[in-house]
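User: I would like a close look at one part of this model. Please keep it brisk and go through the charged side-chain pairs, with some context on confidence and packing.

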Amino acid sequence: MTDTEQAVTPKALFAGEGALMRWWQAMMLTEQELNTLNIRPAPTVYRAELKWAGTPEAALMTQGFRALWLALPDSARERKPWSMLAWAALAGVLSHVKQQDDSRSFAASLGKINPDIDKPKVSELRFQQLQGARTPEDFYRRLHRLIKQVNGKTHVASLARGILDWFDEHHGQQAVRPDKKIAVRWAMDYYQAAEPALAKNKD
């Protein structure tokens, strides 16, 4: 995670992160891992329905999203009029994240070098298309594709913060300096991770 990301959404201000992580772990971790954490496994239908949800609105109607929404603290559920849709989008995207990557932010996991081809796991073009998303539906759809390209492995909390911030910015409510916007923060992380391969391929 970059310093800029921490400056905008420090962990202490990410309402609902604890509930979100337990919800995601209940869907993705093994029974043995969950026993260690004292977490009950989620019904398999939660993930199945969310994976089939093609839009944030469709994710909104799933049992998995409802379980997450009801587990969130009031400070997360009552933030903004669009909070429910933002968390539904988040639930749908996270249903495709199979493994936590503790060492990298979400955008850095996209730029991480694939040693087999000496290129970023997500191409510069695909990353720019994500940055150019203008509607929640397009943003949601592109996130799904990129999660598949990193084999379902990324930093869960970093991705979650990014999605919530994107919705705030989309609705014109994220009052931050231009250099603190989610697109800039993601670009910094992506290009820092991808720079060695991109520079080599341009030579």
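Which side chain meets that of Glu 17 in a salt bridge, and what is the N to O distance?

Analyst: The partner is Arg 161. Its side chain meets that of Glu 17 in a salt bridge, at 3.2 Å from N to O. Keep in mind that this is a predicted model. Glu 17 sits in helix α2, while Arg 161 sits in helix α12 (residues 156-170), so the pair ties together parts that are 144 residues apart in sequence. Glu 17 and Arg 161 are both buried.

Searching the whole structure gives four salt bridges. Side chains of opposite charge can pair when their charged atoms come close.

Helix α11 (residues 136-149) holds another case, built around Asp 138. The side chain of Asp 138 meets that of Arg 141 in a salt bridge, with 3.0 Å from N to O. Arg 141 and Asp 138 are three residues apart in α11, so about one helical turn separates them. The side chain of Asp 138 also meets that of Arg 142, again with a salt bridge of 3.0 Å, N to O. Here the spacing is four residues, about one turn of helix α11.

Asp 138 has 13% relative accessibility, so it counts as buried. Arg 141 has 39%, so it counts as partly exposed. Arg 142 is buried, as is Asp 138.

In α6 (residues 63-71), the buried residues are Gly 64, Phe 65, Leu 68 and Trp 69. Seen down the axis of α6, they fall within an arc of 130°, so they line one face of the helix.

Last, confidence. The protein chain averages a pLDDT of 87, and 87% of the residues score at least 70. The mean is highest in α4, at 97. It is lowest in helix α1 (residues 3-8), at 36. Across residues 1-13 the pLDDT is below 50, and this stretch has 24 contacts in the model beyond near neighbours in sequence. Where pLDDT is low, the predicted coordinates should not be read in detail.

Conventions:
Residues are numbered from 1 along each chain as its sequence is written. This is a predicted model: local features need pLDDT of at least 70, side-chain atom pairs count only at pLDDT 80 or more; totals for chains, interfaces and linings use all residues. Side-chain values use heavy atoms; hydrogens and water are left out. Buried means under 20% relative accessible area, exposed over 50%, partly exposed in between (1.4 Å probe, protein chains only). Helices (H or I, at least four residues) and strands (E, at least two) are DSSP runs, numbered from the N terminus. The arc is that of the directions from the helix axis to the C-beta atoms. pLDDT is the predictor's confidence in each residue, from 0 to 100. Contact means heavy atoms within 4.5 Å.
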